[in-house]
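Subject: Structure for you to look through

Hello,

Here is the structure I promised you. Please open it beside this email and follow along.

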Amino acid sequence: MARKPVSPPVAPPSPRTAGQDTPLDKPNAGRQDTAKTSSIQPDTMPPGSVLTTNQGVAVSDDQNSLKAGVRGPTLLEDTLMREKITHFDHERIPERVVHARGAAAHGVFQVYEDLSEISCAQLFRDPKVQTPVFVRFSTVAGSRGSTDTPRDVRGFAVKFYTQEGVWDLVGNNMPVFFIQDANKFPDLIHAVKPEPHNEIPQAQSAHDTFWDFVSLTPESTHMLMWLMSDRALPRSYATMEGFGVHTFRLVDAEGGWRFVKFHWKPLKGVCSLVWDEANLLGGRDPDFNRRDLWEAIERGDFPEWELGLQIVEPADEHKFDFDLLDATKIIPEEVVPIRKVGKLTLNRNPDNFFAETEQVAFHTGHVVPGIDFTNDPLLQGRLFSYIDTQLRRVGPNFHELPINRSLRPVDNNQRDGFGRITINPGKVSYFPNSLGGGCPMHSPTAAAAFRSVTVQEAGAKLRQRSESFNDHFSQATMFWNSMGDWEKDHIAAAFSFELNMVVDQGVRNRVMNELLCNISPQLADMVSGATGIEVAPAGTAEAPTPSAPTPSGPLDPKAAELRSPALSMDKAPPMVRGRKIAILVGDGVDSALVKTLIADLTKAGQVPELIGPTAGAVIDAATKPLAVNRAAPNAPSVIYDAVLIPPGVAEGLMAMPMAQRFIDEAFRHGKPIIAAEDARALFERLGIVDAEGVVIGDNKLSTAMLDNLAQHRFPRRVSNLAPN
Ligand code: HDE
């Protein structure tokens, strides 16, 4: 039977408007979501419901190829099959060289107030304007089919569809980067990607080539601290900070400018997974972050971030202990406060992963009037790389794909190329011209067009790094100093885990004695204890190889005092919506209490799920069935944020090793646990009593749970140095 068409037919685009639809137009328009219609005349069918070829010819049998006899060979003449299979064969485009695995969503950005005193960009000027955005989050090292939760940097790329054209803020969830000069990027990525002889390991930095490279690249030290911290294991995209990383410029209407660092501050606070949990999730739910983003948006729990700006006047450029053009440095928030200027809200899931999330093409060079670059040598290289990669990956007309289209109509004399969509009428494709009335012509008002800032640039032509880029350790030390005790434990455990995966003794020693010892003797000792790598007596460490730049060190006494409390995650996040709560149930459960609990938690914006021994139902204390959401074997504890055990089920759980493993894992991962009094014996058997964040004996279950939930995790409870 024919399915009802999902939308009215769409008129073929007029030549002039072809290619001008935007990702904001209702995306279902024109979708060919059809079913088999063999017995019905196409012209009596509603438009859009008949299966056709790509040339619009109706197809009556799409399930059998054309053969010479029912048991005979397939004919070359079967153009229907050949078109279908050829298209299928060409379905893949090259995955991104880095950031291949990602998930994305649509949304809006809006400023709180008129910021025209610092930027003439239209999206910053009018608090009434909602600028549509598309945001793609990603991991860096893994391929497109890898898991969501490896220890890795996360991409945080925002495409703003402003009235003045597209602005891409292509950032990460860490504010610094591994290298200072773009020329090193291919080496960094070759080192961190799976090793080329056997393509192992997938999506991990825990292998020889990565640590070999960074041990010879001391400028990566600060970034390593972020990578080894729990920032590399975000609980969800909605609980991640984002950073533009480089110093950019904001430009006002008069051409005056200031330096700026961009920050995204999540309204849900910053929350991470713990390492063992992230590892298990890799197997139990490889789509963990992607699913979380999708489900949150579907239920209306929209992820939100505030845009923060750190502004530095040009006159203050050289007032810092580091160079503003050095992407391995942050400006501590305590030194230049972050001004929150607007809000980003993600409120719509993509309709098609490939058309939108895969084909979206970001480029640091996509800026609008009011935003400009600096000479950061990493940013300068990116300005070349991103357009190059889009040409290779998506093709020269990538800007015409709906997800990449500018809201402002595009008009220029560029023509043709693979996949051209726009049909440009007329014979004029050059400038200057008189035959086309001089169109398209230069913008009559320079202020409304893109202008690069006027700055004096002069210098000898040379391949050299500025000496102001030489300090590679002070901010790594500052990061360490700013951590809480459990954060330090997690960082040391992460370094230890990674170095224990490294086979080459020379690499292990170099990381210890040339990087860690220059960050903090305490960190070096902790890692030494867990890896057996000896700390060389002062002054005896192997000299850096000649190809590596000379590190600044040993430990600068001034650096040992540096601190930036804002870097620590050791604070309770704001009470957040969307925590997933497992309620373990079995026969004999008090279902009235469970139903009230579910209603209360749902009202509070949380996501409770009932887990039973099998999918289906359990029989409650009043011998009535209570439907469950999932069966225990399909519901590992790692996909939940908290566990609740209502009265009446403990006896059943005692007989279920799987349930006990569930509770034990939740405990080891520091999750809030709350249980009725009758579960006390079960917890005693598991050796879990009197622990932080574990409440046993509250038969009402609700308020303590909510208080505990606000903590997200009880990290001091997590077993640290032994990940398993
Ligand atoms: Fe990227 N980066 N990158 N990068 N990057 C890419 O572009 C590159 C860097 C970042 O969701 C590629 O479309 C160079 C810093 C994100 O589609 C490629 C250098 C930061 C994404 C590329 C850097 C980033 C990319 C691969 C050193 C944080 C994913 C596919 C000069 C500020 C965007 C693509 C998305 C993607 C090159 C360094 C963030 C090859 C040469 C620093 C979030 O063009």
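Is proline 402 buried, partly exposed or exposed? Proline 402 is partly exposed, because its relative accessible area is 41%. Here buried means under 20% relative accessible area, exposed means over 50%, and partly exposed is in between (1.4 Å probe, protein chains only). Proline 402 sits in the loop between helix 9 and helix 10. Helices (H or I, at least four residues) and strands (E, at least two) are DSSP runs, numbered from the N terminus. The C-alpha atom of proline 402 is 8.1 Å from that of alanine 355, although the two are 47 residues apart along the chain.

Some ground rules first. This is a predicted model: local features need pLDDT of at least 70, side-chain atom pairs count only at pLDDT 80 or more, and totals for chains, interfaces and linings use all residues. Residues are numbered from 1 along each chain as its sequence is written, and side-chain values use heavy atoms, with hydrogens and water left out.

The cores

Start with the largest nonpolar core, which has 53 residues. A nonpolar core is a set of buried Ala, Val, Leu, Ile, Met, Phe, Trp, Tyr and Cys residues joined through side-chain atoms within 4.5 Å. Phe178, Trp211, Phe495, Leu516 and Leu523 have the most contacts inside this core. Several helices supply at least two residues each, among them helix 4 (208-215), helix 5 (221-228), helix 11 (485-501) and helix 13 (521-531). Helix 12 gives the most, with seven residues. Why does this core lie between domain 1 and domain 2? Domain 1 (79-403) and domain 2 (476-567) both give residues to it, so the core lies between them. Those domain bounds come from an automatic or database domain assignment.

Now pick out phenylalanine 495. Leave aside its neighbours within four places in sequence. Phenylalanine 495 is then in contact (heavy atoms within 4.5 Å) with Trp211, Leu224, Met225, Met228, Leu516, Leu523 and Val527.

The ligand

Which residues come nearest to the ligand? Of the 22 residues around it, they are Arg96, Arg136, Arg382, Tyr386 and Gln390. A residue counts as near if one of its heavy atoms lies within 4 Å. Arginine 136 has a polar side-chain atom 2.7 Å from an oxygen atom of the ligand. For serine 385, a polar side-chain atom lies 3.2 Å from a ligand oxygen atom. Strand 3 (154-162), strand 4 (165-172) and helix 9 (377-393) are the elements that give two or more residues to the shell. Helix 9 has the largest share, six residues. The shell divides into ten nonpolar, nine polar and three charged residues. In that count, Ala, Val, Leu, Ile, Met, Phe, Trp, Tyr, Cys and Pro are nonpolar, Asp, Glu, Lys and Arg are charged, and the others, Gly among them, are polar.

Threonine 357 is in helix 8 (residues 353-358). Threonine 357 counts as buried because its relative accessibility is 1%. Beyond its neighbours within four places in sequence, its contacts include Arg96, Phe134, Arg136 and Asn352.

Glutamate 219 is in the loop between helix 4 and helix 5. Glutamate 219 is also buried, with a relative accessible area of 1%. Its side chain makes a polar contact with the side chain of arginine 465, at 3.1 Å. A polar contact is a pair of N or O atoms within 3.5 Å; within protein, one must be able to donate a hydrogen and the other to accept it, and residues adjacent in sequence count only if both atoms are side-chain atoms.

The backbone

Most residues other than glycine have a negative phi, and most peptide bonds are trans. Now look at these cases. The peptide bond from isoleucine 200 to proline 201 is cis, with omega near -5°. Proline 201 lies in the loop between helix 3 and helix 4. The bond from phenylalanine 431 to proline 432 is cis too, with omega near 0°.

Valine 245 is not a glycine, yet its phi is positive, about 70°. Valine 245 is buried, at 7% relative accessibility. Threonine 623 also has a positive phi, near 55°. Threonine 623 is exposed, with a relative accessible area of 64%.

Best wishes
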